[in-house]
Amino acid sequence: MGNILETKDLTIRLGGHTAVDGVSIAIQEKHFKAIIGPNGAGKTTFFNLLSGQLSPTKGSIMLKGEDITSLSPTNRTRKGVGRSFQITNVFPNLTVLENVRLAVQSQAGIRYQMLRHFSRFDSVVKKAEDHLKLVLLDSKAGSLACNLSHGEKRKLEIAMLLALETEILLLDEPTAGMSVEEVPAIVEVIKNIKLRGERTIVLIEHKMDMIMELSDSIMVLFNGQLLADGPPDEIVKNETVQSAYLGGLYNEFTA
Ligand SMILES: Nc1ncnc2c1ncn2[C@@H]1O[C@H](COP(=O)(O)OP(=O)(O)OP(=O)(O)O)[C@@H](O)[C@H]1O
């Protein structure tokens with residue numbers, strides 16, 4: 001399978017600091033890549049560059065061979081690069097199903113005026129229900145989004161991201177802020193998405209057991225630079241990576 005996403009010498013300076021420094025990677029179609037690195041390594045900044053929230057100082061981003069470096073986030077989503085919604089994109093006073101339905105509707109480009117006939121759009125509802133099943137949230141379809149637990153809200157965000165039907169999913173720490181009990185469910189959700197084999201997934205995470213279980217490959221950022229990129233078993237044995245983590249995240253890395 002060919003590369004779906006590539007970066008070449010991707011670099012950004014922020015406030016006099018090079019947050020991402022000359023990163024060149026290639027991600028194959030349907031691949032599951034994790035991005036790890038100590039706090040401040042540049043992981044989120046790298047994601048912001050991929051999704052278009054930030055523009056690089058130098059370098060380029062290619063999607064299936066097309067240069068998308070100067071495209072807006074919306075246009076990148078249209079082309080197939082989807083990033084998980086933040087809680088702020090969720091309508092708190094709509095039900096879970098209505099939130100996902102609106103995301104499906106926006107992807108399908110159905111016009112606002114047609115919203116009143118929305119219940120007739122069986123296929124839209126069906127798609128929304130499928131996405132909710134995949135994220136194990138179908139039992140909460142009728143609940144108001146504001147009444148969900150933190151973990152359930154993260155699942156809803158993922159369902160809304162799935163609704164955009166992008167080939168690439170960028171998941172930025174989906175377990176952030178979750179209680180220990182909530183984590184296995186989100187791992188299950190991401191595993192389900194992976195098992196469907198339809199998407200390329202790029203995941204930022206700190207939880208090493210989750211990364212080891214899900215990833216085809218792991219890239220390690222350190223001080224904005226690409227320290228290593230390879231299969232999980234190679235990465236955990238990599239001495240440079242181990243010593244980088246000795247700086248403070250050693251326990252996390254070996255957990
Ligand atoms: N807007 C900004 N202006 C100046 N510096 C920034 C800005 N955004 C990020 N940085 C700096 O860039 C570096 C990389 O930050 P980034 O948030 O990408 O790291 P990270 O690997 O995602 O960290 P964490 O694991 O803590 O989320 C940090 O030193 C951070 O302070």
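Which residue in β8 is the bridge partner of Asp-172? The views below, all taken from a predicted model, start with that pairing.

**View 1. Strand β8 and its neighbour β7.** The answer is Ile-204, which partners Asp-172 from within β8. This pair belongs to a parallel arrangement in which β7 (residues 168-172) and β8 are linked over five bridges.

**View 2. Strand β8 beside β3.** Here β3 (residues 32-36) runs parallel to β8, and four bridges join them. Look for Ala-34, which sits opposite Leu-203 of β8.

**View 3. The two covered faces of β8.** In a regular strand, side chains alternate between the two faces of the sheet. On one side of β8 you will find Thr-200, Val-202 and Ile-204, with Ile-201 and Leu-203 on the other, and all are buried. Since five of the five residues of β8 (residues 200-204) are buried, the strand is largely enclosed by the rest of the structure.

**View 4. The shell around the ligand.** Among the residues surrounding the ligand are Leu-14, His-17, Asn-39, Lys-43, Thr-44 and Thr-45. Helix α1 gives the most to this shell, with three residues, while β2 (17-28) also supplies at least two. By class, the shell holds three nonpolar, eight polar and one charged residues.

View 5. Ten residues from domain 1 and nine residues from domain 2 take part in the contact. On the domain 1 side, helix α6 (residues 183-196) gives the most, with four residues. That side divides into six nonpolar, two polar and two charged residues.

Methods
Residues are numbered from 1 along each chain as its sequence is written. This is a predicted model: local features need pLDDT of at least 70, side-chain atom pairs count only at pLDDT 80 or more; totals for chains, interfaces and linings use all residues. Two residues are in contact if their C-beta atoms, placed from the backbone, lie within 7 Å. Ala, Val, Leu, Ile, Met, Phe, Trp, Tyr, Cys and Pro count as nonpolar, Asp, Glu, Lys and Arg as charged, and the others, Gly among them, as polar. A residue is near a molecule or strand if its C-beta atom, placed from the backbone, lies within 6 Å of it. A residue is buried if 20 or more other C-beta atoms lie within 10 Å of its own, exposed if 12 or fewer, and partly exposed in between; C-beta atoms are placed from the backbone. Two strands pair if DSSP finds at least two bridges between them.
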